[in-house]
Amino acid sequence: MGLYPIKESLAPYNNGITTFGGQNYDNYPIHRHRYIIPSEFSKLPVHLHTVGESDWRRGASRWRRNSNTFSVELVTNGTFEFIQDGVREEVSPGNVFLVRKDCDLSMTCQSRFASKMTAVIDGNLLPSLLVSLNLSHKNVIYPSDPEAIKATLKRAMELRDESNPEQFEMNSSMLCIELLFALGREVKTENIPDNIKAVARYLENNLSERISMKEVAARFGMSPASMFRRFREELHETPGQFLIRKRMEAAKLLLLRNEDSIKDIAFKTGYTSPLYFSTEFSRYVGVSPRKFKYSGSSESL
């Protein structure tokens, strides 16, 4: 790097859908990305397209018109200005910005240096999944546990597909779903009181346990009636309904991974009786666990 940075404006480029442009400073941004192309036989409804890291310096920027990409961008160092469809956000370490399809956007490094992690996600299930998770119109998310988001992205970066491409595709797809569900939980709980967040987090972290709502209420200093009422006011479902939904979501992910028997999945999601688990799953999802597992019913996510 010389005494004075070399500023270079990139000529706009159009790929037939999106117009790209930006500005480099010296050799920044420096991208360390891995591009992943699903096999022609892949039927995965959500898949990882690109994953990696990049380093930026002040003034380096990129912009898109009519973006054809959805990506999750976790800032790990420094600050970025992120503008999407006219809304400006300053994004700091630990924050996530979502690059959305069909939007006009720009990202500019505001600090001396900055870094971010990126996962570009695609697939025919992606639009409906983003809607169901309240992510379809979200620009920036402020995770309560950014290290967990970082760990998921790091796991995606560490995946290797040389030995078993089919297993790699499945693992990377599951990581995409895990990442989106984690971000969806953050959006859903942004304005929820801390004690109700704590109850929801406790339930979600103990899906495999036998849970007494009376004991949960006492743990967080509430009566069962008060916890029930406040939980329903904030999350629009009862603690019991929340617990069942989270158990079913976990069961669907485990079934799609195809690593455990249905009996083991029942135990992992808090059911001592595989038969009762199958009945509950069929009632909630509309198909049996076995049919879901072997038909790849990812559209039910």
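I take buried to mean under 20% relative accessible area, exposed to mean over 50%, and partly exposed to mean in between, with a 1.4 Å probe and protein chains only. I began with Thr238, which counts as buried because its relative accessibility is 11%.

**Basis of the entries.** I am working from a predicted model, in which local features need pLDDT of at least 70 and side-chain atom pairs count only at pLDDT 80 or more, while totals for chains, interfaces and linings use all residues. Residues are numbered from 1 along each chain as its sequence is written, and side-chain values use heavy atoms, with hydrogens and water left out.

**Whole chain.** I find 10 helices and 12 strands in the protein chain; helices (H or I, at least four residues) and strands (E, at least two) are DSSP runs numbered from the N terminus. The radius of gyration, taken over C-alpha atoms with a globule rule of 2.2 Å times the number of residues to the power 0.38, is 22 Å, which agrees with the value near 19 Å that a compact globule of 301 residues would have. The C-alpha trace spans about 70 × 45 × 30 Å along its principal axes, and buried residues make up 47% of the 301. With contact meaning heavy atoms within 4.5 Å, I note that 69% of the contacts between residues at least 6 apart in sequence join residues at least 24 apart. The chain exposes about 15,600 Å², of which carbon and sulfur atoms supply 49%; these areas come from the Shrake-Rupley method with a 1.4 Å probe.

For each helix I compared the end-to-end distance with an expected span, defined as 1.5 Å times one less than its number of residues. Helix H4 (residues 194–205) has 12 residues and reaches 16 Å from its first C-alpha to its last, close to the 16 Å expected. Its buried residues are Ile196, Ala198, Val199, Ala200 and Leu203, and what covers them includes helix H5 (213–219), helix H6 (224–235) and H7.

**The loop between H6 and H7.** I returned to Thr238, which lies in this loop, and asked which residues it touches, not counting those up to four places away in sequence. They are Phe228, Phe231 and Arg232. His236 lies in the loop between H6 and H7 as well, but His236 is exposed, with a relative accessible area of 68%.

**Backbone angles.** Most residues other than glycine have a negative phi, and most peptide bonds are trans. I therefore listed the departures from this pattern. Asp85 has a positive phi near 50 degrees; Asp85 lies in the loop between strand E7 (80–84) and strand E8 (87–91) and is partly exposed, with a relative accessible area of 46%. Where is the cis peptide bond that joins Tyr28 and Pro29 placed? Pro29 is in the loop between strand E2 (19–25) and strand E3 (30–35), and omega of the bond is about 0 degrees.
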